[in-house]
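Hi,

Here is the structure I promised to pass on.

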Amino acid sequence: RILFTPPVDFVNAWAHQASFEVEQAVGATSILAGYNFTRGAHLPRLRDLNVRYAGTGVLGEPIIAPLNPLIGQLLRYESAANSFYHALFVQASRRFSRRLTFNAHYTFGKSIDEATDIHFLPHDSLNARKDRGLSTLDQRHRIVASGVWNAPFRFTIAPIITGTTGRPFN
């Protein structure tokens with residue numbers, strides 16, 4: 001059986017966000033550099049209350065056993081997870097003519113959390129903070145290039161090219 005208990009002291013999630021940017025024109029090119037930070041707190045997550053420590057394994061890791069073996073899981077939604085995002089970025093924009101513009105953007109970022117999704121159970125529900133690590137949506141590098149060409153006769157071409165590194169794999 002899987003049972004759910006009502007949330008206790010559940011509060012709404014909130015976020016702190018900060019951004020700093022500088023922009024400079026170099027000839028006909030505009031260059032922008034910046035930093036973004038976001039911290040999410042009281043994010044919702046599930047936790048299994050039907051667990052206890054039952055000794056240690058061969059490598060010293062805790063062995064987790066059910067409190068009540070007749071219940072598979074006793075789940076509770078709680079507002080206790082956190083997330084952190086840091087990103088440095090650089091962008092260059094240039095208008096080559098009245099009909100042609102180009103934009104390139106690079107981001108170096110890192111996303112850390114304890115619960116990326118509300119349906120993720122922590123590996124150890126007795127110490128859920130141990131699940132803090134790279135988010136499943138973390139992408140360290142991201143580059144986007146785009147352009148717009150307004151061709152004669154009301155014809156526009158606007159390609160976008162995106163490249164990213166892979167996401168964490170466990």
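A word on the ground rules first. This is a predicted model, so to speak of local features we need pLDDT of at least 70, and side-chain atom pairs count only at pLDDT 80 or more, while totals for chains, interfaces and linings use all residues. Numbering runs from 1 along each chain as its sequence is written, and side-chain values use heavy atoms, with hydrogens and water left out.

**The second largest pocket**

The second largest pocket has a volume of about 240 Å³. Its lining is made up of 15 residues, and the closest to the centre are Tyr85, Ser111, Ser135, Leu137 and Asp138. A pocket here is an open set of points on a 1 Å grid over the protein atoms alone, where a 1.4 Å probe fits, with protein on both sides within 12 Å along at least five of seven lines; lining residues have an atom within 4 Å of a point. The volume is the space filled by probe spheres set on those points, which are joined across faces, edges and corners.

Which strands supply at least two residues each to that lining? They are β6 (73-95), β7 (100-113) and β9 (141-151), and β7 gives the most, with three residues. Strands are DSSP runs of E, at least two residues long, numbered from the N terminus. By class, the lining has four nonpolar, seven polar and four charged residues. For those classes, Ala, Val, Leu, Ile, Met, Phe, Trp, Tyr, Cys and Pro are nonpolar, Asp, Glu, Lys and Arg are charged, and the others, Gly among them, are polar.

**Two serines**

Ser111 is part of strand β7 and is buried, at 8% relative accessibility. (Buried is under 20% relative accessible area, exposed is over 50%, and partly exposed is in between, with a 1.4 Å probe and protein chains only.) The side chain of Ser111 makes a polar contact of 2.8 Å with that of Ser135. A polar contact is a pair of N or O atoms within 3.5 Å; within protein, one must be able to donate a hydrogen and the other to accept it, and residues adjacent in sequence count only if both atoms are side-chain atoms.

Ser30 sits in strand β3 (residues 29-48) and is partly exposed, at 22%. Its side chain joins that of Glu23 in a polar contact of 2.6 Å. Between Ser30 and Asn103 there are 73 residues in sequence, yet 9.4 Å in space from C-alpha to C-alpha.

**One aromatic pair**

The structure holds one aromatic pair. The ring centres of Phe4 and Tyr77 are 6.1 Å apart and the planes are at 15°, so the pair is stacked. (Rings of Phe, Tyr and Trp, the last by its six-membered ring, pair if their centres lie within 6.5 Å; planes under 30 degrees apart are stacked, over 60 edge-to-face, and the rest tilted.) Phe4 belongs to strand β1 (residues 2-5) and Tyr77 to strand β6, so the pair ties together parts 73 residues apart in sequence. Phe4 is exposed, at 51%, while Tyr77 is partly exposed, at 25%.

Most residues other than glycine have a negative phi. Asp9, in the loop between β1 and β2 (14-26), has a positive phi of about 55°. Phe153, in the loop between β9 and β10 (155-157), has a positive phi of about 65°. Asp9 is exposed at 70%, and Phe153 is exposed at 83%.

Cheers

Note on methods:
Helices (H or I, at least four residues) and strands (E, at least two) are DSSP runs, numbered from the N terminus.
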